[in-house]
Amino acid sequence: YLQSVKSTWRTPQPAEQEPDTFKVKNFDAFFDQLQLERQVSVASIALSKAENLKNEYQFRSLMQEEQMGDIRKHQMELNRKFTLSFACLIFLFIGAPLGAIIRKGGLGMPVVISVFFFLFYYTIDVFGVKMAKQSVWAVWEGMWLSSMVLFPLGVFLTYKSVNDSVIFNPDAYVNAFKKIFGKRETRSYVVKEVIMQYPDYPRILGNLSTLDSMCLQYLELNKKSPGYTDFWKMDFNQPELKKIVSFMEELIEELGNSDKNMIIGKLMDYPILTIIHSEFLTKKHFRMCCALFFPLGLIFYIVAIHKRKRRMEDMHTIMRVNEELSLEIEREIM
């Protein structure tokens, strides 16, 4: 009986249906063959399907963006656990050196500088969090931005504190500004009461001529003012200037043993040539960075051109004093 029932209950076979799509080699030619009503119907159906797909994809993108936003918030909170702890260590390495570097008593200046550093940190942190939240930057880049900016500053202040620096001493900046643009130092000599060895005047006359030759050679080498690009290609060790300074100081030291007031008085007319040897300027990669970073490089360039002009005037002053000293020494010898 069951066999007969199973044979009668057969699964009905589905009727063959025409496919709703078929391949068309030239759609424009096929579309033009249709009637006007059919063309309008096909275009409206295609437009409706396209709008439905567009709305569906927009909805999915919004849902995905919301999910990605939740994921970014979790990642930001995860990074914040470490950035806040690291920021505490950074402020320790910033705040502790401030007490050693700032020499003035009380809480006024340290509090002002500390508040400035905190506002600087907070501004950078808000900017980094915003970039990470809007997915402009990676989460770790935005969250660690403030720490990466302040960490070198903490290392720098700690290093300056260990070396007993005067970085926050305003008098140091005033004196440095005066050395560059202000009134220069002058020499002061008096006749010694006890002279162990008198100068060798004939030999000194030859040394004065040698110093004149060195100054003329320096003026000839630096006749043309360097351009901005050529300035950063120069040798900042200044070997020629170092030789002139060393030779002139030895000559002045020897003439300082003279017992003649006129000669001692002429020694005070020699300019004081200062050589600021900056190790960072001797490094090629740092000079390239300064040249590319135009505002910073332009400041260095303007200061260097001003000092170069003053140094050229000093060379002429040295040669003038050499001539006057030669006349005085010749009178003493005769």
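**Entry 1: H3 against H6**

I began with the contact of H3 and H6, where Thr83, Phe86, Ile90, Phe91, Phe93, Ile94, Pro97, Leu98, Ala100 and Ile101 of H3 meet Ser147, Leu150, Phe151, Leu153, Gly154, Leu157, Thr158, Lys160 and Ser161 of H6. Contact here means heavy atoms within 4.5 Å. I sorted these residues by class and got 13 nonpolar, 5 polar and 1 charged. For the classes, Ala, Val, Leu, Ile, Met, Phe, Trp, Tyr, Cys and Pro count as nonpolar, Asp, Glu, Lys and Arg as charged, and the others, Gly among them, as polar.

I noted the basis of the model before going on. It is a predicted model, in which local features need pLDDT of at least 70 and side-chain atom pairs count only at pLDDT 80 or more, while totals for chains, interfaces and linings use all residues. Residues are numbered from 1 along each chain as its sequence is written, and side-chain values use heavy atoms, with hydrogens and water left out.

Next I looked up the geometry. H3 covers residues 36–101 and H6 covers residues 145–162. Their axes come within 8 Å and cross at roughly 30°. Axes are lines fitted to C-alpha atoms, for helices over the stretch in contact, and angles run from 0 to 180 degrees between N-to-C directions. H3 is therefore roughly parallel to H6. The cut-offs are under 35 degrees for roughly parallel, over 145 for roughly antiparallel, 65 to 115 for roughly perpendicular, and oblique for the rest. H3 passes H6 in a left-handed crossing. Left-handed means that the near helix is turned anticlockwise from the far one by less than a right angle; clockwise is right-handed.

**Entry 2: the chain overall**

I counted elements: the protein chain has 13 helices and 0 strands. Helices (H or I, at least four residues) and strands (E, at least two) are DSSP runs, numbered from the N terminus. Of the 334 residues, 28% count as buried. Buried means under 20% relative accessible area, exposed over 50%, and partly exposed in between (1.4 Å probe, protein chains only). I also checked sequence separation. Of the contacts with a separation of 6 or more, 81% are between residues 24 or more positions apart.

**Entry 3: the cores**

I looked for nonpolar cores, that is, sets of buried Ala, Val, Leu, Ile, Met, Phe, Trp, Tyr and Cys residues joined through side-chain atoms within 4.5 Å. The largest has 28 residues, and Leu255, Tyr270 and Met315 touch the most other members. Helices H8 (201–221), H10 (239–255), H11 (261–267) and H13 (294–333) each give two or more residues to this core. H8 gives the most, with 9 residues. I then followed Met315. Not counting residues up to four places away in sequence, Met315 touches Cys215, Tyr218, Leu219, Leu241, Ile244 and Leu273. A second, separate core has 11 residues, including Ala87, Ile101, Phe117 and Leu157.

**Entry 4: H8 against H10**

I checked this pair in turn. The axes of H8 and H10 come within 10 Å and cross at roughly 155°. The two helices are therefore roughly antiparallel. H8 passes H10 in a left-handed crossing. On the H8 side I listed contact residues including Tyr201, Ile204, Leu208, Leu211, Met214 and Cys215. On the H10 side they include Leu241, Ile244, Phe247, Leu251 and Leu255. By class, the contact has 14 nonpolar, 2 polar and 4 charged residues.

**Entry 5: single residues**

I looked up Tyr121 in helix H4. Tyr121 is buried, with a relative accessible area of 9%. Leaving out residues up to four places away in sequence, Tyr121 touches Leu84, Ala87, Phe91, Ser146 and Leu150. Tyr121 and Ala87 are 34 residues apart in sequence and 9.1 Å apart in space, C-alpha to C-alpha.

Tyr159 is in helix H6. Tyr159 is exposed, at 51% relative accessible area.

I found Ser225 in the loop between H8 and helix H9 (228–231). Ser225 counts as partly exposed, at 38% relative accessibility. Beyond its neighbours within four places in sequence, Ser225 is in contact with Ile305 and Arg308. Ser225 and Arg308 are 83 residues apart in sequence, and their C-alpha atoms are 8.5 Å apart.

Last, I checked Ser135, in the loop between helix H4 (108–133) and helix H5 (139–143). Phi of Ser135 is near 60°, a positive value in a residue other than glycine. Ser135 counts as partly exposed, at 43% relative accessibility.
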